[in-house]
Amino acid sequence: MTDSANPGSLAGVRVLEFGDQKGEYCGLVLAGLGAEVIKIEPPSGAASRSTGPFVDDMPDPDRSLHFWAYNRGKKSVVLDLDEPAGVTRFAELAGEADVVLDAGDIDHLDERGLGSDALRARFPALIYARITPFGDTGPRRNWKASDLVHLALGGPVMNCGYDPDPAGGYDLRPIAPQLGHTYAIGGEQMAFTIVAALMRRATTGEGQYLSCALHEAVAKNTEGDLMSWVCLRTPFNRQTCRHSAPGVSRHRSIFASKDGRYTLASTRNATLLKPFLAEHGIGAPDVSDGSDEKEKDSRVLPGMEGGAARNMDAVEHTVRRYLHENVPWRQAQEAGLMWVPVRKPHENAYDEHWLQRGTYTEVEHPELGRSFRYPVSKWISTGSGWTTGRRAPRLDEDRESVFTTSPRNPVKPVPVPEPEQLSVHGRPFPLQGVRILDFTWMLASAGATRFLASLGAEVIKVEWHKNLDPRRGGAPEGGREARERATGPVPSRWPADLGGPVGAQYNNKNPGKRGISLNVKHPEGLAIARRLVGQSTIVAEGFSPGVMESWGLGYDVLREIKPDIIYAKQSGMGTEGVYGRFRTIGPVAQAFAGTSEMSGLPDPFPPAGWGYSYLDWFGAYSFALAILSALYHHQQTGQGQAIDASQCEVGLFMTAVPTLDFQVNGREWKRAGNRSPYGTAAPEGIYRCTGADRWIAITCETEDEWIALAKQAGRLEWLERPEFATAEARGRHRGDLDKLVEEWTSGQDAFELMEQLQNAGVPAGVAQNAEDRVERDPQLAALDWLTELNATDFGRWPVAAPSVKLSDTPQHAGGPVDAGAPTYGEHNHEVYGRLLGLSATEVDALAAEGII
C-alpha cells in the first residue's frame, strides 16, 4: 500500500534482507522507497523479535514493538541455512533479487556458499550489500560490538553528556545516544549507496559488492571534533544539551518551565529578543547585544552565544513562569528566534504539522483490531512517493507468496552515451553525466551533495560573497607543518566560523565540488543562473522556505527551463505544513524531534541531548537519499520532481519505538543513562577507567559474555551470587552490578582492558575521542577511513572518506575534480567557459560589474 498517488522510486526492486538489527533500518528505508524487501529468518525467528518493548509487556515474536518499528512493509520467509534445502532456496531467491542485504554474523553466508563471491559469480547482475561491525579486513575484523560499543569507539559518546564541574573535571560519565543509533547511521549511508549502485547497473547490467563497516561509519559521523583535531589539534568538550565544542560555554541552552519540562531557546539577538520579551516575558529587560561581554563563543548556537548572559537570565525567568504547554515558542519562532520545546519522542505523532505532511500514518494491525501511528516519510515529493506498507510480518507469513512469484525479467542495460569519467582509482564513477547546481550550505544540505560528488556527480557550488557558506575558518597558523610539529592546540588563522577561503570544517563538508560565485539578485546574474539550470540534472538548496522563489528560481520556473529538472530543497521543518517558516539548526531540530529528550540520566537530571549534532550529518544522509531516489526515478521514467525535505523530520524515524510504546502500552519514554530502558543486556554501560575522563563501554547480552567478564575481572564470586544468577536477575539488579563492574574497571587502563575483553569474546570499546580515532585506531587506519586532498589556499589535508566501499565503481571523496573544498569562485572561468561558452574577458567583465 502507499499513501501517495505516486509509486515509490524503487518500485520493482527486490531486496533479500538477511541478518540482525545491523541491517533492519536500511531495509526499512528501502521498503519505504517502494522496494519489495523479503526478510529471511531462521526457524526461531529474527533475534529482534525478542527485543522489547512488547504489546502489554508480554514477550512474543509477533508482539515486539522494536520488530514492528523496523520491519514494517517487509515480507517474512523462514529458511534453515544449516540445511542444504535452505541454502538452495536462499540461492534461488538471490537469483530473483536485485539486492542481497547481508547483515548477519561475519562470514555466516560465505561459509554456506552464499557470500558475495559465490552469488555474484552465478548472478552477475546482483548487488550484494554487506553491513559488518568492523569491516572485511583489518586487525579488529572479528571483534564483537553492540550499539553502545560502536557509539563509544566511534566518538559520539565523548561528544555527549553533561557539563564538567567548576574545576573542569567531568564528574559524570559521557552519555550515549539511544535505540540503535549506530544502525541508522550505517543503514542510511548504505541505502543511498545501494541506489547509486542500482543506477550504475541500469547502464551496464552488472551488479557489484558494497561493504559498510559500522565502526567506520560512526567514527566519521561526529560533526566538529574530527576536523578540529585533524587540522588544529584541538579537542572538544561535551556540554549539557548543546553542541560539543573546544571550550565549555557558561551559557545554557534549555530552560525549565514551572512543571519541569524544558524549552530550547536562543538568547542572543537583541533586536528580536527585546520586543519579544516585552510582549511575552517579564517586562522589557535590558537586553544585551553582546558588545559588553568579555567571554564569547565561536559558534552562534543556542547555549553557545557569546554576549547573552543577561539575555539568558531574562529568558530563564520568562520560561519559568509558564507551564510547558503554554511557553510561547511559536510566537518566538514567528519573531525570528530559534525556540522549540524539548519534546518527548511520542509527542510529534500528534502534531498537526507532521500530520499535514504525511510524516505519520496509521497502520492496521488486524490481529489486535487496532491501528497505530508510525513515522513513515522523511520528505514530500511531487514524483515518487513513500510507501507505508503493511504492519511488520508475522514469522514466515509470506512463504507461499514469495515462492510462487513469477520469474522476473533480466536487467536490460541502457548504456550512457558519453565517455565514462574515471576516478583516481582508475575505475568509473557510479554516477555518470549527473550535474548538480548546488545552492546548499552548512552541513545538513551541503553534506548531501558532498556524497553525490564522491559518487561522481559534477557538483557546482554557487555562492555570493554577501551570504557565504559559513564555518570556513579553522586553518592552522603555519599550515600542515605547524600542525604536525604541534604538541598542543594550534591557533587558527581565522575565527573558527568566519573568514578565510577554506578551513577545516568547510573542507570536510564540501570536497569534490567546483565553486562559482553568482549574484542571482542581479538581473544578468539571474539570467546566467537560468542558463546553468538548463544544463543541470538537479538544483539543490538548503535555504529557508521561499528564498529561491524570491530570487525567481522556484520549481515552477525551473521546470519551465528544463521540464525534467529535479529540484531538491531541505529546510528545518519543511516548506509544507504549519511550521514552514520556522527556523532550526541541528541541536534545535533534535530538541523538537524528541531525540534530545531520549538521551540522559533519569530525572531529576535534564536531558543530555546529542552533542555532536546528530541531525546535521543524518540530515545530509537522508537528503542524499532523497536526491538519489529522485535520480533513479528519473533514470527509469525520464521524469523530474520537486522534493521538500526536512531536517527535523529525519529525526522522527528514530522515535518509532517509544511512539509505539506510548500508543500500545500508555508508557512515556524515561531516560535510563547508557542502557536502553527496553534492553536486556546486563551489565551494560560506560564505566570509568584510570586517567582523566577515560571510560569503557561494555555489553553482556549472553550468558557466555557474562561468564567471560567475571573471569576476566577475576571475580568468580559474582557468578555465585543469586541476584546475578540469571539474565533476568541481573536485569533487576543492574545498579548493584554496575557498581561492582566499575570498582574493577576504575583501576584498569581503558585500551588494555578493551583488548583483554575482546580477546575473551566480550563486546567492549573505549569511549574514544577524536585524537584516539585519528592517532591510534588501527582498524580505522586499515579501512582507509580518511582521504588526503589538496585544497586551494588551504593545503593538503585529510577528509572523511565515503563509508561504503563499492567493488566496481569505487567512491572518491575528491569527486571528479580530485580536490578538497573549492575557494570562493575558484572555478568561475572553467565553469562559465565550459558550460556557457564565456571567454575569460567576459567572465572578468561580469566580475567587475558585480554579477559574479
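Predicted model: local features only at pLDDT ≥ 70, side-chain atom pairs only at ≥ 80, totals over all residues.

Residues are numbered from 1 along each chain as its sequence is written, and side-chain values use heavy atoms, with hydrogens and water left out.

**Exercise 1. Work out the order of the strands in the open sheet of three strands, and find which helices pack on it.**

Step 1. Start with the elements: helices (H or I, at least four residues) and strands (E, at least two) are DSSP runs, numbered from the N terminus. Two strands pair if DSSP finds at least two bridges between them.

Step 2. The order is S9-S10-S11, and the pairing is antiparallel. Strand S9 (254-256) and strand S11 (339-341) each have a single partner strand, so one side of each is left without a neighbour in the sheet. From one strand to the next, the twist averages 30°; axes are lines fitted to C-alpha atoms, for helices over the stretch in contact, and angles run from 0 to 180 degrees between N-to-C directions.

Step 3. S9 and S10 (residues 262-265) are joined by three bridges, and Phe 255 has Thr 263 in S10 as its bridge partner.

Step 4. Now look for contacts (heavy atoms within 4.5 Å). Helix H10 (residues 309-320) touches S9, S10 and S11, and its direction makes about 40° with that of S9. Helix H20 (residues 586-593) touches S10 and S11, at about 30° to the direction of S11.

**Exercise 2. Which residues touch the most other members of the largest nonpolar core?**

Step 1. Such a core is a set of buried Ala, Val, Leu, Ile, Met, Phe, Trp, Tyr and Cys residues joined through side-chain atoms within 4.5 Å. Buried means under 20% relative accessible area, exposed over 50%, partly exposed in between (1.4 Å probe, protein chains only).

Step 2. Of its 171 residues, the answer is Met 190, Trp 339, Leu 452, Leu 628 and Ile 698. Helix H21 (residues 614-637) gives the largest share, 15 residues.

Step 3. A second, separate core has 31 residues, including Val 462 and Tyr 555.

**Exercise 3. Is helix H14 largely enclosed or open?**

Step 1. Nine of the nine residues of H14 (residues 446-454) are buried, so the helix is largely enclosed by the rest of the structure. Among them are Arg 450 and Phe 451.

Step 2. After H14 comes Gly 456, with a positive phi near 115°.
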